[in-house]
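Me: I should like to go through a structure with you, one point at a time. Could you bring it up?

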Amino acid sequence: MDGIIFDVDGTLWNSTGIVAKSWTDYLRDREHMDITITADMLIKLFGRPLPVIAARIFPDKEETEQLRLIEACCQAEHDA
């Protein structure tokens, strides 16, 4: 093998739609929250620290709950 390509910025493959679906599915199915995360929402948020993303998505939750939810969303993303 001559090399490995890491596509961390979505140049070769944009996974934003898959991430949005996995987060939405998790929040609806596991947390029973009526919330839809869209790729457009995430495009505006990606690049920021997770606590900032969590605060924007879950503004009505306490900070510890925001962080729990965003970590669970990330795990659902990895599972997907």
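This is a predicted model: local features need pLDDT of at least 70, side-chain atom pairs count only at pLDDT 80 or more; totals for chains, interfaces and linings use all residues.

Me: How many helices and strands does the chain have?
Reply: The chain has four helices and zero strands. In sequence order the pattern is α-α-α-α.

Me: What does the C-alpha trace span along its principal axes?
Reply: The C-alpha trace spans about 50 × 25 × 20 Å.

Me: And what share of the residues is buried?
Reply: Of the 80 residues in the chain, 30% are buried. The accessible surface of the chain is about 5,800 Å², and carbon and sulfur atoms account for 53% of that area.

Me: Which share of the contacts joins residues at least 24 apart?
Reply: The figure is 39%, taken among contacts between residues at least 6 apart in sequence.

Me: How far apart are the mean positions of the positive and negative charges?
Reply: They are 6 Å apart, for 8 positive and 15 negative charges.

Me: Changing topic, how many disulfides does a search of the whole structure find?
Reply: The search finds zero disulfides. Cys73 is in none, and the nearest cysteine sulfur, that of Cys74, lies 6.9 Å away.

Me: On to H1, then: what span should its residues give, and what do its ends show?
Reply: Helix H1 covers residues 16-29, and its 14 residues should span 20 Å at 1.5 Å a residue. The end C-alpha atoms of H1 are 20 Å apart, in agreement with that expectation.

Me: Which residues of H1 are buried?
Reply: They are Thr16, Val19, Ala20, Ser22, Trp23, Thr24, Tyr26 and Leu27. Residues three or four places apart in an α-helix point the same way, because there are 3.6 residues a turn.

Me: What do the buried residues of H1 pack against?
Reply: They pack against helix H2 (39-45), helix H3 (50-57) and helix H4 (63-79).

Me: Staying with contacts, where is Glu77 found, and what does it touch?
Reply: Glu77 is in helix H4. Beyond its neighbours within four places in sequence, Glu77 is in contact with Val19, Ser22 and Trp23.

Me: How far is its C-alpha atom from that of Tyr26?
Reply: The C-alpha atoms of Glu77 and Tyr26 are separated by 8.8 Å, although the residues are 51 apart along the chain. Glu77 itself is partly exposed, at 28% relative accessible area.

Me: What about Gln66: buried or exposed?
Reply: Gln66, also found in helix H4, is buried at 8% relative accessibility. Setting aside neighbours within four places in sequence, Gln66 contacts Ala54, Ala55, Phe58, Pro59 and Lys61. The C-alpha atoms of Gln66 and Val19, which are 47 residues apart along the chain, are separated by 17 Å.

Methods. Residues are numbered from 1 along each chain as its sequence is written. Side-chain values use heavy atoms; hydrogens and water are left out. Helices (H or I, at least four residues) and strands (E, at least two) are DSSP runs, numbered from the N terminus. Buried means under 20% relative accessible area, exposed over 50%, partly exposed in between (1.4 Å probe, protein chains only). Contact means heavy atoms within 4.5 Å. Accessible areas come from the Shrake-Rupley method with a 1.4 Å probe; for residues, only the protein chains shown count as cover. Lys and Arg count as positive and Asp and Glu as negative; His and the chain ends are not counted. The place of a charge is taken as NZ of Lys, CZ of Arg, CG of Asp or CD of Glu. A disulfide is a pair of cysteine sulfur atoms within 2.5 Å. The expected span of a helix is 1.5 Å times one less than its number of residues.
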